[in-house]
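Please work through the exercises below with the sequence and the structure open beside you.

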Amino acid sequence: MAITDFLELDRTLSDEQRIVRDTVRRFVDAEVLPHIGQWCAEGRFPEHLIPMMGEMGLFGSTLPEEYGCAQVDSLTYGLIMQELERGDSGLRSFASVQSGLVMYPIFSFGNDEQKKQWLPKMATGEKIGCFGLTEPDGGSNPIGMKTRAVKDGKQYVLSGAKMWITNGNLSDVAVVFAQTGAAGDHRAVRGFLVEKGTPGFKVNEVQRKIGLRASNTSELVFEDCRIPAENLLPGTSQGLKCALMCLNQARYGIAFGAVGAAIGCFEEAVGYTAQRAPFGKSLDHYQITQMKLADILTQITLGQLICFRLAALKDAGALQPEQISMAKRNNCRMALETARRCRELLGANGITYEFHAGRHETNLISVDTYEGTYEVHTLILGQKITGKNAFD
Ligand code: TGC
Ligand code: FAD
């Protein structure tokens, strides 16, 4: 039994779930961990991994086989995200945006033509997508968006900007949410497909990030950007709610992914403190070290339990957005705190790319921020508990 499977959750997996998890685990050990420090130092996403991930069925993996997807259950999907983020949050970000924020809305809100055009090629990784909701003036309250889409004959004209967009510079297509009605009208927000190279559509990569360095983050700018009217995702007729439904998919994956990052940090710290002996005995002989490790393992185990329950609720069609908020909020903060404590156990080595905890820590600052900050999820839970909406 691995120490990070303290409550023997592995026993509850089917053979198929275990095989998928172990395949992704081996991929990360062989192809990611030996090189990730270098990619972070260079500030680049490892694009050569995309076809390999496609081959393994890691994109849109819960979607139907008829679109070339693996059609796995929710727990398998979560475990894929866990293993990818044990490697690096940037890798999981790539896969969760492609799957939960681009393929999911095309599948859920697109017409047959859009699904056939995009989903099979996105499943293999031949085509890449990004998701534009956040704007330069603020992301927590997306209904304040300024990006507009105005119908003009057989076209929509987009104007505005989206900021902090994962995969932006790598993408063939962007799912962009824009206001088609009066400012602040929830119901009039719509989703559109904007293809790379469309006149009036520019992408600027964000430079000099202090974390998620092996991930592409970009600004999307729309200046009199004309797209065919048929690029509207017709099923986004419920407005902003459709964008929030996409977030549920990504937040679910992040809750699992954060556990993976925490496991990566913990396993490294256990190994390191068993070897390092600044006072003659290895660090793991000392009570302070053992207390830190016991606290961390307990928190990781609680995070795992939340995830496994989430998966069961999701497959039963009973998962509520507030339950996802609790998992995203708790697990991201848990992983961030775990990475900080593990980096501390590594002493000076913890601040280098030779080890993993410091890299995970700077990544997890972003993971704790995106897909709804800790405060936003606090207020979502607060509303559920009290019935009072603190966002008003
Ligand atoms: P509100 O009035 O509460 O709701 C409007 C309508 O939407 C419904 N709804 C949801 N439906 C499905 N899932 C959810 N999670 C939902 N939350 C709300 C709601 O029932 C209502 O429906 P109806 O039928 O009455 O119209 O909306 P609000 O404007 O007050 O917003 C509430 C708030 C603050 C919680 C929401 O705006 C929010 O979640 N803000 C955070 C924004 C966010 O998370 N952005 C993430 C951007 S994408 C990203 O970060 C990608 S990182 C990717 C990576 O690299 O991994
Ligand atoms: P703001 O909304 O300006 O908030 C600033 C601070 O105020 C935060 O601490 C927040 O918690 C707090 N705050 C806000 N409202 C309240 C309130 N009512 N009460 C108390 N405190 C409050 N977005 C996309 O659309 N697509 C992507 O692919 C994407 N990828 C990202 C990748 C990275 C690396 C990062 C860092 C972000 C990404 N984002 C993406 C954006 C992300 O979703 C936003 O950063 C996030 O939603 C927060 O928005 P903001 O940064 O504008 O902060």
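This is a predicted model: local features need pLDDT of at least 70, side-chain atom pairs count only at pLDDT 80 or more; totals for chains, interfaces and linings use all residues.

**Exercise 1.** Describe the shell around ligand 1, and state which element gives the largest share of it.

Solution. The first step is to find the residues that surround ligand 1, of which there are 27, with Ser93, Thr166, Lys241, Pro321 and Gly372 as the closest. Two or more residues of this shell come from each of helix H5 (89–109), helix H7 (240–275) and helix H11 (374–386). The largest share belongs to H7, which supplies seven residues. By class, the shell around ligand 1 holds 15 nonpolar, ten polar and two charged residues.

**Exercise 2.** Determine how H5 is oriented relative to H7, and which residues make their contact.

Solution. Start from the axes of H5 and H7, which come within 9 Å and cross at roughly 155°. Because angles over 145 degrees count as roughly antiparallel, H5 is roughly antiparallel to H7. The crossing of these two helices is right-handed. On the H5 side the contact includes Ser89, Arg92 and Phe109, while on the H7 side it includes Cys242, Gly253 and Ala261. Sorted by class, the residues of the contact of H5 with H7 are nine nonpolar, six polar and one charged.

**Exercise 3.** Carry out the analysis for H7 and helix H8 (residues 287–315).

Solution. Here the helices pack at an angle of about 155°, and their axes are 10 Å apart. H7 and H8 are therefore roughly antiparallel to each other, and their crossing is left-handed. Among the residues that meet are Tyr252, Phe256 and Phe266 in H7, and Leu293, Ile300 and Leu310 in H8. The contact of H7 with H8 divides into 16 nonpolar, four polar and one charged residue.

**Exercise 4.** Classify the packing of helix H9 (residues 321–345) against H11.

Solution. The angle between H9 and H11 is about 140°, with their axes 9 Å apart. H9 and H11 are therefore oblique to each other, and H9 passes H11 in a left-handed crossing. Residues in H9 that take part include Glu322, Met326 and Arg333, and those in H11 include Tyr374, His377 and Lys384. The residues of this contact of H9 with H11 divide into four nonpolar, three polar and five charged.

**Exercise 5.** Trace how strand S3 (residues 155–166) pairs with strand S2 (residues 148–152) and with strand S7 (residues 217–228).

Solution. Take S2 first: five bridges join S2 to S3, and these strands run antiparallel. The bridge partner of Ala149 is Leu158 in S3. Two residues lie between the strands of this hairpin, in which Gly153 takes a positive phi near 65°. Then turn to S7, which pairs with S3 in the antiparallel sense over nine bridges; there, Val157 stands opposite Arg226 in S7.

Terms used
Residues are numbered from 1 along each chain as its sequence is written. Chains are lettered from A and ligands numbered from 1 in the order in which they are written. A residue is near a molecule or strand if its C-beta atom, placed from the backbone, lies within 6 Å of it. Helices (H or I, at least four residues) and strands (E, at least two) are DSSP runs, numbered from the N terminus. Ala, Val, Leu, Ile, Met, Phe, Trp, Tyr, Cys and Pro count as nonpolar, Asp, Glu, Lys and Arg as charged, and the others, Gly among them, as polar. Axes are lines fitted to C-alpha atoms, for helices over the stretch in contact, and angles run from 0 to 180 degrees between N-to-C directions. Angles under 35 degrees count as roughly parallel, over 145 as roughly antiparallel, 65 to 115 as roughly perpendicular and the rest as oblique. A crossing is left-handed if the near helix is turned anticlockwise from the far one by less than a right angle, and right-handed if clockwise. Two residues are in contact if their C-beta atoms, placed from the backbone, lie within 7 Å. Two strands pair if DSSP finds at least two bridges between them.
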